[in-house]
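I opened my notebook to look up two things here.

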Amino acid sequence: MKKHIVVLTGAGISAESGIKTFRDADGLWEGHDVMEVATPEGFERNPELVLDFYNQRRRQLNEVEPNQAHKDLVTLERDYNVSIITQNVDDLHERAGSSNVIHLHGELRKIRSSKNENDIKVWNEDLHLGDNCKQGHQLRPHIVWFGEAVPMIETAMDVCKQADILVIIGTSMQVYPAAGLMDYAPADTPIFYIDPKPAIGSGGQIKVIPKSATEGTVDLLNILHKNG
Ligand code: APR
């Protein structure tokens, strides 16, 4: 029976693909006011500003590629049952070939009705003011904004409860409920945390690999290979 590896990823895993993280130096939140571009109130106040912010990020997806860290997680699927729970809204896990990806904070390549959160569709163009759903409501990015519910959190908790091994890659662990997911892994689960500026230290079940995603996943594969 293949062991179950659950991988929690954040913006750091896509940094080496050229996508800015949020809170690092020169991060996205340095150039933009979170309250303006990532809250329902901001969208209410200035929808064009918000639509343009996500249009730019969606366009950027066409210019970037999955990196070796994304690909190493696909390689793991040969010997393990791998579930990825990502805070990222990019599609690099899927484009690398990962089979099981849960997006906690939404997806840039999807939009939805601003009135009916279940009216979701794939979208690869720019979204404009006046682009409405069939019921005539403005369409918005399918992104979980600050202050909004995280619809996939229960599913993610259940997945973590079944982890034999937990891997955390490239997240500052500042945003909840995502940052609390590691607590749902069974008590004796080995946890590997890959981040060049880790938010938590090694100890107990936790082994910190203070490296970039691409370097750290090489170490991870070696450790898992050695542990067999
Ligand atoms: N490899 C691995 N990790 C990296 C790399 C890299 N090359 N470069 C930076 N990092 C790490 C940083 O050290 C930091 O710990 O990635 C983390 C990025 O943290 P944040 O920018 O806070 O991103 P994240 O944790 O994913 O943010 C969570 O916050 O803004 C909201 O909804 C947004 O999903 C996002 C959530």
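I began with a term: a polar contact is a pair of N or O atoms within 3.5 Å; within protein, one must be able to donate a hydrogen and the other to accept it, and residues adjacent in sequence count only if both atoms are side-chain atoms. The model is predicted, so I noted that local features need pLDDT of at least 70 and side-chain atom pairs pLDDT 80 or more, while totals for chains, interfaces and linings use all residues. Residues are numbered from 1 along each chain as its sequence is written, and side-chain values use heavy atoms, without hydrogens and water.

**Entry: His-4**

I looked up what the side chain of His-4 touches. It makes a polar contact of 2.7 Å with the side chain of Ser-83. The side chain of His-4 also comes to 3.0 Å from the backbone oxygen of Gln-162.

**Entry: the ligand**

One is 2.5 Å from a polar side-chain atom of Ser-172. For an N or O atom in the side chain of His-105, I read 2.8 Å to a ligand oxygen. A polar backbone atom of Ala-11 is also 2.8 Å from a ligand oxygen. The protein covers 92% of the 740 Å² of accessible area that the ligand has on its own (Shrake-Rupley method, 1.4 Å probe).
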